Amino acid sequence: MTIRPLDPQSEAEIELVARRMRATLMEVVGAARGEAMYSLDWLQDRVRFHLDPARSTAAVYLAVRPDGAIAGHTIVRIEEEEGRAPFGLFSTTYVAAEHRRQGIATALLEQGEAWMRAQGLDESATYTARDNVPLIEHYRRHGYVLTPANEEMVRLTRRL
Ligand SMILES: CC(C)(COP(=O)(O)OP(=O)(O)OC[C@H]1O[C@@H](n2cnc3c(N)ncnc32)[C@H](O)[C@@H]1OP(=O)(O)O)[C@@H](O)C(=O)NCCC(=O)NCCS
């Protein structure tokens with residue numbers, strides 16, 4: 001398994017990550033609602049947003065198997081919220097169902113945190129739905145602390 005940045009020249013990689021962002025939503029909020037939330041064009045632009053230094057300070061990492069298959073991805077960026085110092089945000093993480101429980105999300109997390117440290121950030125965070133047990137357990141296992149964000153979402157944070 002190799003973790004590498006997405007190739008910004010590769011339309012196929014951008015589309016794959018956009019499709020998996022949609023798959024994530026379908027898994028987390030339900031198939032019908034998740035599919036209807038954003039068009040594929042919007043999601044592809046969202047990937048490009050994270051690849052364009054004029055629009056964000058971010059990185060998109062892929063987990064690539066020895067046979068070339070892309071097993072998962074994560075997107076990290078510098079986030080600013082009122083009343084907080086800038087922090088590193090895991091915007092999204094996804095591992096294809098057939099490759100789960102093999103430590104791929106863990107490898108993506110470590111790469112994302114290394115990127116955040118290289119940006120001089122001292123806090124990492126992510127948001128997810130309150131009932132997203134696999135993701136919450138994944139972050140907790142890596143030392144993240146959970147706080148409620150609103151009625152539907154939780155925030156998971158860790159000092160880097
Ligand atoms: C959450 C997700 C990224 C985990 O990916 P993964 O590669 O299977 O995770 P890892 O193998 O690195 O697991 C790390 C730890 O996370 C926890 N974990 C992962 N899946 C879990 C599950 N289904 N139930 C409980 N804990 C789980 C475990 O503590 C695990 O360690 P262990 O296998 O030694 O017990 C994956 O299930 C996924 O893509 N889910 C759908 C997408 C999603 O919800 N994204 C976030 C949207 S905000």
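**Helix 1.** I began with the buried residues of helix 1, and I find I14, V17, A18, R20, M21 and L25. Buried here means 20 or more other C-beta atoms within 10 Å of the residue's own; exposed means 12 or fewer, partly exposed is in between, and C-beta atoms are placed from the backbone. These residues cover an arc of only 165° around the axis, so they sit on the same side of helix 1. The arc is taken from the directions that run from the helix axis to the C-beta atoms. I also checked the length: helix 1 has 19 residues and reaches 27 Å from first to last C-alpha, close to the 27 Å expected at 1.5 Å a residue. That expected span is 1.5 Å times one less than the number of residues.

**Ground rules.** I note that this is a predicted model, where local features need pLDDT of at least 70, side-chain atom pairs count only at pLDDT 80 or more, and totals for chains, interfaces and linings use all residues. Residues are numbered from 1 along each chain as its sequence is written. Helices (H or I, at least four residues) and strands (E, at least two) are DSSP runs numbered from the N terminus.

I looked at S10, in the loop between strand 1 (2-5) and helix 1. S10 is exposed, with 11 other C-beta atoms within 10 Å.

**Helix 3.** Which residues of helix 3 are buried? I list L43, V47 and H50. They cover an arc of only 60° around the axis, so they share the same side of helix 3. D41 and W42 are exposed on the other side. The twelve residues of helix 3 (residues 40-51) should span 16 Å, and the end C-alpha atoms are 17 Å apart, which agrees.

**Strand 4.** Why do I call strand 4 (residues 87-95) largely enclosed by the rest of the structure? Because seven of its nine residues are buried. I then traced its partners; two strands pair if DSSP finds at least two bridges between them. Strand 3 (residues 70-79) pairs with strand 4 in the antiparallel sense over eight bridges. In that pairing E79 stands opposite F87. Strand 5 (residues 123-129) runs parallel to strand 4, joined by three bridges. Here G88 stands opposite S124.

**The crossover.** Strand 4, helix 4 (residues 104-118) and strand 5 make a right-handed β-α-β unit. Right-handed means that, with the strands pointing away from the viewer, the path from the first strand over the helix to the second runs clockwise. In the loop between strand 4 and helix 4 I stopped at R101. R101 has a positive phi of about 60° although it is not a glycine. With 8 C-beta neighbours inside 10 Å, R101 counts as exposed.

**The ligand.** I count 22 residues around the ligand, the closest being R100, A105, P134, E137 and H138. A residue is near if its C-beta atom, placed from the backbone, lies within 6 Å. Which elements each supply at least two residues of the shell? Helix 1 (11-29), strand 4, helix 4 and helix 5 (133-141) do. Helix 5 gives the most, with six residues. By class I find eight nonpolar, nine polar and five charged residues.

G143 lies in the loop between helix 5 and strand 6 (145-148). G143 is exposed, with 11 other C-beta atoms within 10 Å.

Methods. Nonpolar A, V, L, I, M, F, W, Y, C, P; charged D, E, K, R; others polar.
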